[in-house]
Every structure is written in structure tokens, then in C-alpha cells.
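Let's take a walk through a protein together, piece by piece. Keep the picture open while you read.

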Amino acid sequence: MLDRSLQMSLNCPSYLLVRQRTLCYKRLNPVRAMPPSSVILHTDESGKFPESRKTCNSLIASLSSYDGPLLSAPNTVGILGGLSVDSTLNFLRKFVHLSKENEAKCIPFVVCSDPVLNRELSSLERSSSSLCSRNEPSQSDHTRIVENLWSKRVFLEKSGAHCIVMPCHISHSWHDEVFKGCSVHSLHMAECVARELKEAGLKPLEAGSPLRIGVLATDATLKAGFYQEKLQIEGFEVVMPDKATMEHAVIPAIDALNRKDMEGARNLLRIALQVLLVRAVNTVIIASDDMRDVLPRDDPLLKKCIDPMDALARSTIKWAQQAAEEAT
């Protein structure tokens with residue numbers, strides 16, 4: 001059940017850091033007793049636990065003898081990692097930080113992150129968003145990914161999650177398939193963004209024009225169409241990069257990132273954003289794990305952009321607070 005996965009349940013984590021294959025963490029507050037105690041388990045890429053770590057063996061034995069869910073609180077959140085561990089931890093940092101800002105009580109959660117799934121999703125994105133390789137993924141590739149995501153979703157259900165989220169853009173391409181038959185609540189990242197934009201009461205930049213929202217993402221995410229669908233349901237006109245912008249700015253920016261050419265990636269990303277902004281969009285959704293941290297935080301263009309991870313984190317916290325209130 002724990003094969004090739006990282007599962008954690010933490011109370012009030014104050015710091016999370018990935019370094020190579022080790023998850024380091026630090027807590028300021030003691031963990032309250034609950035069966036089983038809060039744990040972090042991590043496997044290497046072969047799916048095996050490091051034999052040199054005796055603590056892991058004792059934790060595995062403890063979990064193996066425990067038949068109930070890892071967590072039992074009614075507001076437990078399940079987090080299904082996707083494209084990368086960095087992306088998953090980015091969401092967790094936002095989740096924890098925003099929880100403190102909202103003065104939310106400690107929200108229990110369990111995370112599942114599979115390095116095999118990371119590689120499969122990364123390979124799919126790169127094959128569709130590279131100038132060197134533009135081959136369409138086969139149906140067997142999609143089927144394997146869906147089965148992997150589905151099994152992780154089932155694991156999170158059995159672990160005690162009452163709401164499951166996927167902090168990964170490309171994974172939402174198969175959201176309906178992954179959550180078919182799911183017995184607990186789930187949040188869709190594009191729905192969370194569209195709902196927040198609707199509630200923001202934005203006004204068109206041009207009189208008589210519809211509200212326009214730009215979406216900047218990899219070719220695979222744009223082709224999946226779920227951001228366009230959810231935004232259009234809320235009444236927005238969706239503006240995406242045209243073919244020329246994708247071929248001469250967006251895809252080369254991702255290729256530059258893969259070559260570790262950060263300056264080149266920044267310049268190309270700025271061009272792509274400016275092309276969208278001159279088309280009178282109110283804001284641009286940066287729906288890409290690769291492009292999320294390319295621009296420096298003080299870049300003026302970012303004031304016109306939003307990160308869907310923020311909306312997902314806020315919606316998750318709101319759900320957890322409501323679930324806790326309903327249970328009291």
C-alpha cells in the first residue's frame with residue numbers, strides 16, 4: 001500500500017523542505033497522540049524503504065499492524081501529488097501559510113507522492129511541449145497514468161481523507177476518471193480559480209467587452225481544455241496564446257528551463273505574458289508548474305497574474321473549516 005509513495009500526516013508543520021530524496025521537516029509544536037502517530041515515510045525510486053534507517057522499519061511495522069485509517073478527523077485532507085515533489089511541497093507551504101493567516105486550527109492531512117507517477121507525467125508534458133519532441137502520447141500512456149492516479153486516490157480514501165485535492169495541473173486532465181466512484185469530496189483546481197474570479201467582481205477592461213481571462217500553460221494542459229471549460233461556465237471569455245506565441249515563446253521558454261537557461265526562459269515568458277495582456281485580459285492564470293517560479297517575485301508582470309495553487313489552497317482550507325464546524 002505504501003509502495004513507491006510518500007505519505008505523511010502532520011500537525012501544524014512549520015517548515016517543509018525537499019533535498020535530493022530526503023524529506024526534512026521541523027515542528028515547533030508537539031504532536032498530539034492519535035493512532036497511528038504522525039509519520040513521514042519516503043521510498044527511493046525503486047519503491048523500497050532505505051534499509052539503513054531503522055526508524056523506517058519500526059514505522060512500517062507499526063502501520064502494518066494498524067487496520068484503521070491513518071487519520072480519523074472529519075476534516076482530514078488528502079493530497080495527491082503529481083508532476084513533481086517540488087510542486088506538491090509548494091502547495092503544502094501555501095496550505096500551511098494560508099491556514100495560519102486564516103487562524104485556522106491545525107488541519108490534518110495525508111500526502112501521497114509517487115516518483116513513478118512524477119516521471120510519467122513529466123514525460124507526457126515534455127513530449128507535448130518541446131521543440132525537439134512533439135510526439136502525441138499513446139493511449140496506453142494515458143491509461144497507465146489514470147490507473148496510477150486512481151490507485152493513489154483510493155489509498156488516500158482508505159487513509160481517512162474526507163476531501164482529496166491534486167496540486168498538479170496536468171493531472172486534472174483525467175479528474176473525472178480518477179474520481180469516478182469516489183466516496184469523499186474532491187476539489188478541482190480550475191473550478192476553484194474560476195469561482196474566486198467570479199466572486200472578485202471584476203470589470204471588463206474595455207467598455208462593452210466581455211470579461212477576458214488569459215491562460216498560460218503547457219501545450220498538454222491547454223489541449224486538455226479543463227481551464228477553458230471551467231472559466232467559460234462562470235461566464236468568462238478565455239484567451240490563450242496563439243500558435244505563433246506557443247511556438248516562438250511558450251515552448252522555447254520551457255526548453256530554456258530544461259537547459260537551465262533562466263534568463264532566456266524569463267525573457268520568453270515575459271513576451272508570452274505581454275502578448276496576452278495586450279488582448280485586454282483582466283488577469284493571466286499561470287497554469288504551469290514549470291513557469292510558476294520563472295519570474296522574480298518583484299516582477300511587475302506578476303501583478304497581473306494568478307497562481308491556481310493559491311485558489312486551491314484557500315478552497316481546501318475553507319472546506320476543512322466547514323467540515324470541522326459541521327462535526328462539532
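## The big picture

Among contacts in the protein between residues at least 6 apart in sequence, 72% join residues at least 24 apart; contact here means heavy atoms within 4.5 Å. This is a predicted model, in which local features need pLDDT of at least 70, side-chain atom pairs count only at pLDDT 80 or more, and totals for chains, interfaces and linings use all residues. Residues are numbered from 1 along each chain as its sequence is written, and side-chain values use heavy atoms, with hydrogens and water left out.

The protein has 11 helices and 12 strands. Helices (H or I, at least four residues) and strands (E, at least two) are DSSP runs, numbered from the N terminus. Of the 328 residues, 53% count as buried. Buried means under 20% relative accessible area, exposed means over 50%, and partly exposed is in between (1.4 Å probe, protein chains only).

Start with helix H11, which covers residues 308-327. Its 20 residues reach 29 Å from the first C-alpha to the last, close to the 28 Å expected at 1.5 Å a residue. (The expected span is 1.5 Å times one less than the number of residues.) Among the buried residues of H11 are Met309, Leu312, Ala313, Thr316, Ala320 and Ala323. At the start of H11, a side-chain oxygen of Asp307 comes to within 3.0 Å of the backbone nitrogen of Met309.

Now find helix H2, residues 85-101. H2 has 17 residues and spans 24 Å between its end C-alphas, close to the 24 Å expected. Its buried residues include Leu89, Phe91, Leu92, Phe95 and Leu98, and also Lys94. Is Lys94 buried or exposed? Lys94 is buried, with a relative accessible area of 19%. Leaving aside neighbours within four places in sequence, Lys94 is in contact with Asp307, Met309, Asp310 and Ala313.

## Strands side by side

Strand S5 (residues 77-80) sends Val77 and Ile79 one way and Gly78 and Leu80 the other, and all are buried. S5 runs parallel to strand S6 (residues 109-113), joined by four bridges. It also pairs in the parallel sense with strand S7 (residues 163-165), over three bridges. For two strands to pair, DSSP must find at least two bridges between them. Look for Gly78: it stands opposite Val110 in S6 and opposite Ile164 in S7.

Over at strand S9 (residues 212-217), six of its six residues are buried. Arg212, Gly214 and Leu216 point one way, while Ile213, Val215 and Ala217 point the other. S9 pairs in the parallel sense with strand S10 (residues 237-239) over three bridges, and Arg212 stands opposite Glu237 there. Five bridges join S9 to strand S11 (residues 283-287), again in parallel; the partner of Ile213 in S11 is Thr283.

## What's in the middle?

In soluble globular proteins, nonpolar side chains tend to be buried together. The largest nonpolar core here has 62 residues, and Val77, Leu216 and Leu231 have the most contacts inside it. H11 gives the most to this core, with eight residues. Where does this core lie? Domain 1 (77-189 + 311-327) and domain 2 (194-307) both give residues to the core, so it lies between them. Those domain bounds come from an automatic or database domain assignment.

A second, separate core of 25 residues includes Leu117, Leu121, Phe155 and Ala161. A nonpolar core is a set of buried Ala, Val, Leu, Ile, Met, Phe, Trp, Tyr and Cys residues joined through side-chain atoms within 4.5 Å.

Most residues other than glycine have a negative phi, and most peptide bonds are trans. Lys260 has a positive phi of about 70°, although it is not a glycine. Lys260 lies in the loop between helix H9 (243-258) and helix H10 (262-277), and it is exposed, with a relative accessible area of 71%.

Ala280 also has a positive phi, near 60°. You'll find Ala280 in the loop between H10 and S11. At 10% relative accessibility, Ala280 counts as buried.

Note on methods. A polar contact is a pair of N or O atoms within 3.5 Å; within protein, one must be able to donate a hydrogen and the other to accept it, and residues adjacent in sequence count only if both atoms are side-chain atoms.
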